[in-house]
Amino acid sequence: MSKRKFRIWRGNTEGGNFVEYTTDVEPGMVVLDVIHRIQARQATDLAVRWNCKAGKCGSCSMEINGRPRLSCMTRMNEFVPDMTITVQPLKTFPVIKDLVVDVAWNYEQNKRIPPFKPRAKDADGQYRMMQRDVERVQEFRKCIECYLCQDVCHVLRDQNRKDRFVGPRFMIRLASLEMHPLDTADRTTKIKEEFGSSLCNITRCCTEVCPEHIQITDNGIIPLKERVVDRYYDPILWLVRKIFRRASA
Ligand code: SF4
Ligand code: SF4
Ligand code: FES
């Protein structure tokens, strides 16, 4: 057992500041365990959101020493013994209380995305897909909606362009639909005009923080940008691909 120092942001919609806590830490603890211990022993009104404590619900997102992370998956032994650990809420979304932010904006973006629209079944009543096409979109379905990528994206975080860009989480949601082998909806115009694909300048910061290791930029955003370029700047290539896809469907 050792004593560790934490600086935790305490406040609400009106504002707040960091408060220091020193607490006992045992081997094997993660940051969320320590926050729960502080909550139990020193700050019973400390607000923190969590559910699974297994890296699967995406609820315990926060900024730990300046980096967006899941607190239930951040082990205490990653930090040198005398380091003070600073914990604060996600910066990109409005604070409700202490470490809890309001992520409702993200659900609003999800509702704007045209849903899955499957093609007609084959003559025998079955759907057929190539395994490689199934695997291509499977990666995107690992998303746990932790919104760490939304938090780190400078278009949302620093430029606050929530009016123009849906952010990396919803770019991969769009990619999962657009690349789905059965989907027939055409979202390319919306991706450019309404969802703001051109605002992403491929810095890959979103990919770096994703706890599911989804290749958000290379496998999701760049192919979507290529579709926009094909449509708007090379319409003949777009037409050829469209005809070819129909013929092979
Ligand atoms: S790659 Fe694009 S979406 Fe990802 S953080 Fe950078 S600007 Fe944002
Ligand atoms: S893409 Fe990754 S970082 Fe973004 S919300 Fe999903 S799991 Fe979290
Ligand atoms: S508590 Fe579910 S991901 Fe951390």
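How many nonpolar, polar and charged residues does the shell around ligand 1 have?

## Ligand 1

In this predicted model, the shell around ligand 1 has eight nonpolar residues, four polar residues and one charged residue. Ligand 1 is surrounded by 13 residues, of which the closest are Cys-153, Cys-200, Thr-203, Arg-204 and Cys-206.

## Ligand 2

Around ligand 2 lie the cysteines Cys-143, Cys-146, Cys-149 and Cys-210, together with Ile-144, Glu-145, Tyr-147, Arg-169, Ile-172, Pro-211 and Ile-216. By class, the shell around ligand 2 holds nine nonpolar and two charged residues, with no polar residue.

## Cysteines

A search of the whole structure for disulfides returns zero. Cys-206 has a relative accessible area of 9% and is therefore buried, since this value falls under 20%.

## Nonpolar core

The largest nonpolar core comprises 64 residues, and those with the most contacts inside this core are Phe-6, Ile-35 and Val-87. The element that gives the most to the core is helix H6 (residues 168–178), with six residues.

When neighbours within four places in sequence are left aside, Ile-35 is in contact with Phe-6 and Val-87, and also with Leu-46, Val-48, Met-62 and Leu-99.

Methods
Residues numbered from 1 in each chain as written. Chains lettered and ligands numbered in written order. Predicted model: local features only at pLDDT ≥ 70, side-chain atom pairs only at ≥ 80, totals over all residues. Heavy atoms only, no water. Near = heavy atom within 4 Å. Nonpolar A, V, L, I, M, F, W, Y, C, P; charged D, E, K, R; others polar. Disulfide = S-S within 2.5 Å. Buried < 20%, exposed > 50% of the residue type's maximum accessible area, 1.4 Å probe, protein only. Core = buried A, V, L, I, M, F, W, Y, C linked by side-chain atoms within 4.5 Å. Helix = DSSP H or I, 4+ residues; strand = E, 2+ residues; numbered from the N terminus. Contact = heavy atoms within 4.5 Å.
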